[in-house]
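Q: I am new to this structure and would like to go through it step by step. Could we begin with a look at the model itself?

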Amino acid sequence: MRVAVFDVDGTLMDINHRRHYVSGDKKDWKSFFDYMQFDTINDHVFHLAHALRNDGYEIVVVSGRNEKHRQITEQQLAFGKLDYRKLI
């Protein structure tokens with residue numbers, strides 16, 4: 001079995017609109033996570049994942065997001081129509 005592993009934040013999902021909350025000395029993790037719902041998909045990364053899936057790869061998605069963010073993460077992946085085997 002061939003497997004391709006993709007991260008969520010900053011890879012599959014564009015998080016540039018909320019990155020400023022955790023840049024610099026003062027980190028505002030609450031706001032960083034609160035604005036997660038406004039992330040957009042990185043088209044070129046989703047295209048790569050789709051191409052690999054079509055070539056027979058199993059797609060595994062990994063994330064450092066908290067378990068309480070699983071639903072929004074799954075919704076974002078569904079929006080990009082990503083056919084993945086597992087979200088860790």
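Q: Is Arg-65 buried or exposed?
A: Arg-65 is buried, with a relative accessible area of 9%. Buried means under 20% relative accessible area, exposed means over 50%, and partly exposed lies in between, with a 1.4 Å probe and protein chains only.

Q: What kind of model is this, and how are residues numbered?
A: This is a predicted model, in which local features need pLDDT of at least 70 and side-chain atom pairs count only at pLDDT 80 or more, while totals for chains, interfaces and linings use all residues. Residues are numbered from 1 along each chain as its sequence is written, and side-chain values use heavy atoms, with hydrogens and water left out.

Q: Which residue forms a salt bridge with Asp-9?
A: Asp-9 pairs with Arg-65, and the closest N and O atoms are 2.7 Å apart. A salt bridge here is a side-chain nitrogen of Lys or Arg within 4 Å of a carboxyl oxygen of Asp or Glu.

Q: Where do Asp-9 and Arg-65 lie?
A: Asp-9 lies in the loop between β1 and β2 (13-14) and Arg-65 in the loop between β4 and α3 (70-79), so their pairing ties together parts that are 56 residues apart in sequence. Helices (H or I, at least four residues) and strands (E, at least two) are DSSP runs, numbered from the N terminus.

Q: How many salt bridges are there by this rule?
A: The count comes to 10 salt bridges. One of them joins Arg-18 and Asp-39, with the closest N and O atoms 2.8 Å apart. This pair links distant parts of the chain, 21 residues apart: Arg-18 is in the loop between β2 and α1 (29-34), and Asp-39 is in the loop between α1 and β3 (40-41).

Q: And are Arg-18 and Asp-39 buried or exposed?
A: Arg-18 is buried at a relative accessible area of 0%, and Asp-39 counts as buried at 8%.

Q: What about Asp-83, which residue does its side chain meet?
A: The side chain of Asp-83 meets that of Arg-53 in a salt bridge (3.0 Å, N to O). Asp-83 is in the loop between α3 and β5 (86-87) and Arg-53 is in helix α2, so the pair ties together parts 30 residues apart in sequence. Asp-83 is partly exposed, with a relative accessible area of 43%, and Arg-53 counts as partly exposed at 28%.

Q: Which residues are joined into one network?
A: Salt bridges that share partners join Asp-9, Arg-18, Asp-39 and Arg-65 into one network.

Q: Changing topic: what is the overall pattern along the sequence?
A: The protein has three helices and five strands, and along the sequence they follow the pattern β-β-α-β-α-β-α-β. Of its 88 residues, buried ones make up 33%.

Q: Which residues touch the most other members of the largest nonpolar core?
A: They are Phe-6, Leu-12, Phe-46, Ile-59, Val-61, Leu-77 and Leu-82, out of 13 residues in that core. Such a core is a set of buried Ala, Val, Leu, Ile, Met, Phe, Trp, Tyr and Cys residues joined through side-chain atoms within 4.5 Å.

Q: Which elements supply this core?
A: β1, α2 (43-54) and β4 (58-62) each supply at least two of its residues. The largest share, three residues, comes from α2.
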